[in-house]
Amino acid sequence: MIIVSNNGSKISRNNLGKIFEQGYSTKGNARGYGLHIVKNITQNYNAEIEVSSTKYKTEFFIIFPQI
């Protein structure tokens with residue numbers, strides 16, 4: 001398992017489905033590729049991504065299957 005935390009603002013439920021789309025960003029143009037790349041890598045390894053977001057922090061849990 002890999003856990004990544006960020007102390008940024010809460011991700012709204014409406015945006016949770018969008019954050020993994022290529023080019024999606026709340027910060028402007030020519031951004032929004034990192035989470036899309038992570039999603040593709042996790043799919044290649046049959047891993048799962050879970051997201052927990054509060055007003056204080058957002059955490060991404062990347063869970064790889066056991067070998």
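Author: One definition to begin with: two strands pair if DSSP finds at least two bridges between them. Bear in mind that this is a predicted model.

Reader: How many bridges join E2 to strand E3?

Author: Strand E3 covers residues 58-63. E2 and E3 run antiparallel. Within these strands, Glu 50 stands opposite Phe 61 in E3. The number of bridges joining E2 to E3 is 6.

Reader: What is the order of the strands in the open sheet?

Author: The sheet has 3 strands with antiparallel pairing. Its edge strands are E1 (2-6) and E2 (48-53), each of which pairs on one side only. On average, neighbouring strands are turned by 15° against each other, direction ignored. The order is E1-E3-E2.

Reader: Is Thr 42 buried or exposed?

Author: Thr 42 belongs to helix H2, residues 34-44. Beyond its neighbours within four places in sequence, Thr 42 contacts Ala 47, Ile 49 and Ile 62. Its relative accessibility is 3%, and the cut-off is under 20%, so Thr 42 counts as buried.

Reader: Which residue has its backbone oxygen 2.8 Å from a polar atom of the side chain of Thr 42?

Author: Thr 42 sits in helix H2. The backbone oxygen in question is that of Lys 39.

Reader: What separates the C-alpha atoms of Met 1 and Phe 64?

Author: Met 1 lies in the segment before E1. Met 1 is exposed, at 64% relative accessible area. Not counting residues up to four places away in sequence, Met 1 touches Phe 61, Ile 62 and Ile 63. Met 1 and Phe 64 are 63 residues apart along the chain, yet their C-alpha atoms are separated by 6.0 Å.

Methods: Residues numbered from 1 in each chain as written. Predicted model: local features only at pLDDT ≥ 70, side-chain atom pairs only at ≥ 80, totals over all residues. Heavy atoms only, no water. Helix = DSSP H or I, 4+ residues; strand = E, 2+ residues; numbered from the N terminus. Axes fitted to C-alpha atoms, helices over the stretch in contact; angles between N-to-C directions. Buried < 20%, exposed > 50% of the residue type's maximum accessible area, 1.4 Å probe, protein only. Polar contact = N/O pair within 3.5 Å; in protein donor to acceptor, adjacent residues only side chain to side chain. Contact = heavy atoms within 4.5 Å.
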